[in-house]
Amino acid sequence: MIDLSGSGCACRDPMWESLRLQTRRQFFGRAASGIGVAALASMMGPRAVFAGTDPRAPGAPIGPHFAPRAKRVIYLFQSGAPSQLDLFDYKPGMRDYFNTDLPESIRMGQRLTTMTSGQARFPVAPSIFKFAQHGQSRAWVSDLMPHVASIADELCFIKTLHTDAINHDPGMTFIQTGSQIPGRPSMGAWLSYGLGAENHDLPAFIVLISQGSSKRPSQALFSRLWGTGFLPSEHQGVQFRGSGDPVLYLSDPGGVDRTSRRRMLDALAALNTRQLERTGDPEVNARIAAGELAFRMQASVPGLTDLSTEPESTFELYGEDARKPGTYAANCLLARRLAERGVRFIQLYHRGWDQHGDLPRDIRLQCGDTDQASAALVLDLKRRGLLDDTLIVWGGEFGRTIYSQGTLSETDYGRDHHPRCFTVWMAGGGVKPGLTYGATDDFSYNVVENPVHIHDMNATILHCMGIDHTRLTYRFQGRDFRLTDVHGVVVKDILA
Amino acid sequence: MREHPSMKRTILSLVTLALAGAPALAAEASAEPSGSLLANLPKFLGRLHPVVVHFPIALLVAAAMFEVFAVVVRRQRTRPSAAGIACVLVGALGAGAAAWFGWINADLEPHGRGVAGLIEVHRWLGISTVVLAGIALVAAIIGATGRARGMTAVYRVALVLAAGVVGVAGHWGGSIVYGEGYITEALFPEPAPTSPDVTTQLADLQSAGKTLTVDFATQIAPIFADHCVKCHGPDKKKGNLRLDARQYVFDDRAADEQVIIPGDSFNSDLHFRISLPSDDEDAMPPEGKGDPLTADQVAMIATWIDEGAVWSDVPIIAPTLADAEATKGAEQAPPEPAFVFDDAAKARQESAFAKLRERGVVAMPVSASAPWAEVRFDLLGAQVTDDDLALLDGLEPTLVSLNLGGTAITDKGVAALARFTRLRRLHLDRTALTDAGLVAIERLQDLEYLNLYSTKVTDQGLVAAARLPKLEKLFVWKTGVSPQAAMLLAALKPGMTVDTGIAPPPASFEAPASAAAEPANPPAPEPAPEVSGGGGAEVKIDIALLPDCCKEALAAGHECDHPCCVAARAAGKICEKCSKH
């Protein structure tokens with residue numbers, strides 16, 4: 001072995017340690033660059049030298065592949081899976097089937113969760129809510145969502161989304177990362193990686209979470225849902241909290257002023273840069289970027305989250321809840337303010353849609369949380385001219401069953417998870433307004449027309465953002481990864 | 001000579017250095033394609049490979065000959081010949097340099113498909129030469145001291161091997177440049193292929209009971225015309241290939257240069273190239289040189305080739321700019337550029353971008369595939385004044401989207417925007433803009449989106465908006481624009497949405513029960529010009545219903561000032577009194 005440390009005893013030198021851990025291939029690659037760089041470094045300057053290790057300068061976006069229709073996405077994720085049967089997918093014929101068993105010709109062997117697989121029978125539970133058609137588009141919306149109904153002509157309802165998962169965590173992981181198994185980058189991280197930030201004073205990917213009012217406990221959310229997986233860490237979602245400091249550890253402690261903070265960051269960055277030169281670890285870059293972004297956010301976040309400048313009319317539109325930080329309404333208002341500031345991907349989660357029992361009670365509470373604010377966000381962006389290039393997506397991780405979980409009565413029922421069809425709506429940047437796409441069977445159990453898989457929807461969202469989903473890739477562990485894996489077809493029919 | 005081991009180490013490390021430096025250099029160069037003289041140095045070194053490579057070939061072979069001569073004629077068995085050592089010394093160093101330069105050259109110079117395999121073989125033969133020559137050199141030096149007799153034998157064996165390998169390596173190198181079989185071809189030339197004759201082809205097909213599913217004249221020729229012959233035609237002949245007539249594609253090309261092999265799309269280079277992802281360096285059309293073919297078009301060409309590539313003689317001519325203008329659909333994104341986005345224009349745009357970014361302004365291309373530029377001043381808010389608009393100089397031909405929302409610009413600044421005639425999206429919301437400033441906007445004839453919300457614009461200002469032929473979306477929430485004027489504008493300009501920002505009330509579910517019980521969607525009513533108040537609050541107005549006084553006033557650019565009409569407008573109605581006249 002060659003003694004690179006020059007100290008005689010190599011084992012104490014961290015440089016040696018890091019070299020020892022490297023594979024042979026890395027060693028030769030690095031040694032090659034090292035020697036080549038040594039010869040040319042003085043002549044070519046530092047930028048060119050580092051460009052050699054990573055042809056993409058840190059943070060440089062790949063850019064949209066083609067002119068985008070949407071510049072940003074607001075994803076109103078309804079965590080827990082809202083019932084399409086009680087909100088949008090109107091099945092009037094089901095009244096005649098009240099409390100009859102779901103025919104096997106409809107179920108066709110669908111795997112069930114262990115919550116209902118042991119049930120003796122699967123009695124059909126028609127929705128007890130009143131439906132009507134709205135706007136020129138004549139879209140069906142139930143009386144649970146009068147505000148969303150009033151903007152039906154702005155929305156594109158996809159009634160035939162379907163997924164592979166039947167439980168919450170795999171379902172959410174799948175819809176957000178394109179894989180049921182944790183570890184892949186979230187859609188927001190992909191877009192941050194692919195498009196970069198417009199506003200460099202804020203993260204490109206921001207996460208806002210609100211608790212539902214439903215009585216039943218909510219499903220857990222994990223921060224890996226907005227993680228970067230193998231993408232560089234600067235692309236991970238930054239969670240803004242609903243109470244206390246919006247962003248943790250953002251305020252300077254007493255006695256530290258802006259100048260000393262700046263000096264501290266500069267010194268730290270200089271040290272980190274040296275470490276980067278030694279190891280070439282891109283995560284060092286992510287660390288430097290995080291420090292710099294946090295410094296800029298110290299200036300940008302207070303103004304962003306200060307709602308005192310909003311006129312009274314704003315709260316009339318979004319509802320009084322919008323005054324309470326951490327509510328869905330407040331998060332919708334914040335989402336509009338983030339959209340105005342050019343944030344690429346704004347991910348909301350509203351928890352509490354998992355209505356296995358007492359569905360009528362809980363879904364009313366959940367709609368009370370979200371109906372007015374969801375519609376308000378669309379309207380507010382529209383009158384500001386921002387809906388034109390903002391894509392709003394509303395939806396959960398799967399649908400719910402036509403049959404009742406637990407006891408069925410005239411006024412009460414529950415619904416289990418259902419992967420074969422559920423409804424999402426989109427609005428704004430690049431999708432057709434006033435469209436209802438796809439159709440399900442009379443039981444809202446199977447797709448009969450125009451199925452849209454999760455990968456298709458994700459491919460379509462990327463398409464609206466000017467990205468060819470087959471070309472946004474990242475090489476990791478020897479292969480190229482992408483959000484849609486090897487699947488996904490852009491749903492051209494819903495594009496404006 | 002005690003320094004032998006150290007000499008050996010020196011030589012070994014030299015070889016290692018030479019080998020190791022090559023990929024690094026190549027990586028530097030590919031990261032910095034067109035820069036200073038120094039940045040181009042690797043490419044230059046790479047091109048020295050064919051020059052330098054003659055040294056090891058000639059000298060190693062010569063050294064081997066000297067040794068053979070020494071052994072056979074002079075019976076000098078124990079020591080290497082002096083001439084041999086001299087040749088090996090220079091030959092080994094030359095081999096090292098040649099291998100190094102060659103490695104760079106292989107990575108930097110574009111090379112055709114099918115050559116990659118040759119290059120790999122050549123690369124490792126070259127490296128083997130370096131190693132063998134190195135061993136020979138070291139052994140020769142030790143052998144020359146007379147201390148280790150065996151070393152002379154090692155030297156001679158290594159040298160003969162090196163001479164052999166360098167010869168073979170040289171042959172592969174030649175094959176890369178001239179093509180395989182270049183030498184033998186001179187003795188046994190292949191007959192030139194004859195082009196498949198259309199009538200015989202068709203007759204063959206007919207007798208075989210097959211019909212063609214793809215018609216060349218109507219389905220394939222137009223693709224070649226639109227996507228290929230601009231570069232592969234009479235004007236440019238890129239890659240010495242023309243696709244505008246059968247003769248050039250089949251008859252005029254050698255057997256191994258055929259880009260279309262009838263009946264075998266898989267092995268047809270043309271099909272291979274068009275099916276590559278557009279960022280591949282071999283992809284056709286190359287990135288930025290034309291629209292990539294759609295999957296359907298590629299599949300159609302594959303079918304056509306597999307069906308025998310029947311080529312009937314039809315004229316294949318690249319469309320001119322005028323044709324493109326004439327056939328351009330309404331939804332076709334950015335218009336065909338009337339200017340050339342050459343390196344100079346690119347440089348002007350980049351320098352404008354740099355100045356804007358220095359000011360903290362977001363300035364970027366709209367996409368990677370077109371020259372169009374987008375600039376956002378709005379994130380800086382009120383810091384931005386009219387003076388900052390000078391930073392846009394140089395973006396006149398490419399600026400399509402400009403956001404000045406919430407800035408401190410005035411009518412004067414807006415007037416200066418008239419030179420950006422390609423603007424399609426313009427945000428002037430939340431500024432001090434008045435009707436006077438809007439006059440300049442009239443010159444922006446490509447404008448599709450105009451955001452005026454929260455400005456001092458009034459009904460008067462809408463006259464300017466009405467003169468924009470392509471305007472689709474106009475935002476006038478929180479302005480002095482009256483709902484009536486907005487309605488009228490929407491009525492005058494079908495296809496334009498005027499957003500006054502009025503939110504609709506929550507939907508009512510007290511509809512007649514029949515509506516809810518009716519499962520089928522009734523046909524949607526005729527789309528009417530709408531003033532969208534953000535959703536369901538569309539208002540239909542028949543311009544014919546307006547009284548003459550109001551029509552005349554609006555045509556003249558102001559609202560009717562009859563007291564009765566003013567009162568009616570305030571109530572959201574049409575004046576009944578004047579309507580009766």
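The following legends describe close-up views of a predicted model.

**View 1. Confidence along chain A.** Chain A has a mean pLDDT of 88, and 88% of its residues reach 70 or more. Over residues 1-59 of chain A, however, pLDDT stays under 50, and the model has 60 contacts beyond four places in sequence for this stretch. Where pLDDT is low, the predicted coordinates should not be read in detail.

View 2. Helix α14 of chain A spans residues 454-464, and eleven of its eleven residues are buried, so the helix is largely enclosed by the rest of the structure. Among the buried residues of this helix are A:Ile454, A:Met457, A:Ile461 and A:Leu462, and they also include A:His455, A:Asp456, A:Asn458 and A:His463. Just after α14(A), A:Gly466 takes a positive phi of about 85 degrees.

**View 3. Strand β7 of chain A between its two partners.** Strand β7 of chain A covers residues 345-350; six of its six residues are buried, so the strand is largely enclosed by the rest of the structure. Both faces are covered: A:Phe345, A:Gln347 and A:Tyr349 lie on one side, and A:Ile346, A:Leu348 and A:His350 on the other. β7(A) pairs with β1(A) in the parallel sense over six bridges, and in this pairing A:Ile346 of β7(A) has A:Ile74 opposite. Strand β5 of chain A, residues 205-210, also pairs with β7(A) in the parallel sense, over six bridges. Here A:Val207 is the bridge partner of A:Gln347.

View 4. Strand β2 (residues 131-134) of chain A pairs with β3(A) in the antiparallel sense over four bridges. In this pairing A:Ala132 stands opposite A:Val141. From β3(A), residues 139-142, A:Ala139 and A:Val141 point one way, whereas A:Trp140 and A:Ser142 point the other way, and all are buried. Four residues lie between the strands of the hairpin, in which A:Gly135 takes a positive phi near 65 degrees.

**View 5. Nonpolar cores of the model.** The largest nonpolar core has 119 residues, and A:Val73, A:Cys156, A:Ala335, A:Ile392 and A:Val393 have the most contacts inside it. Helix α13 of chain A, residues 359-383, gives the largest share of this core, ten residues. A second, separate core has 57 residues, including B:Ala363, B:Val384, B:Leu428 and B:Leu452. In soluble globular proteins, nonpolar side chains tend to be buried together.

**View 6. The contacts of A:Cys156.** Leaving aside residues up to four places away in sequence, A:Cys156 touches A:Trp425, A:Met426, A:Ala427, A:Val431, A:Lys432, A:Pro433, A:Leu435, A:Tyr437 and A:Ile494.

View 7. Chain B contains 23 helices and eight strands, and 38% of its 581 residues count as buried. Of the contacts in chain B with a separation of 6 or more, 65% are between residues 24 or more positions apart. In helix α10 of chain B, residues 216-227, the buried residues are B:Phe216, B:Ile220, B:Ala221, B:Phe224, B:Ala225, B:Asp226 and B:His227. What covers them includes α13 (295-306) of chain B.

Methods: Residues are numbered from 1 along each chain as its sequence is written. Chains are lettered from A and ligands numbered from 1 in the order in which they are written. This is a predicted model: local features need pLDDT of at least 70, side-chain atom pairs count only at pLDDT 80 or more; totals for chains, interfaces and linings use all residues. A residue is buried if 20 or more other C-beta atoms lie within 10 Å of its own, exposed if 12 or fewer, and partly exposed in between; C-beta atoms are placed from the backbone. Helices (H or I, at least four residues) and strands (E, at least two) are DSSP runs, numbered from the N terminus. Two residues are in contact if their C-beta atoms, placed from the backbone, lie within 7 Å. Two strands pair if DSSP finds at least two bridges between them. pLDDT is the predictor's confidence in each residue, from 0 to 100. A nonpolar core is a set of buried Ala, Val, Leu, Ile, Met, Phe, Trp, Tyr and Cys residues joined through C-beta atoms within 7 Å.
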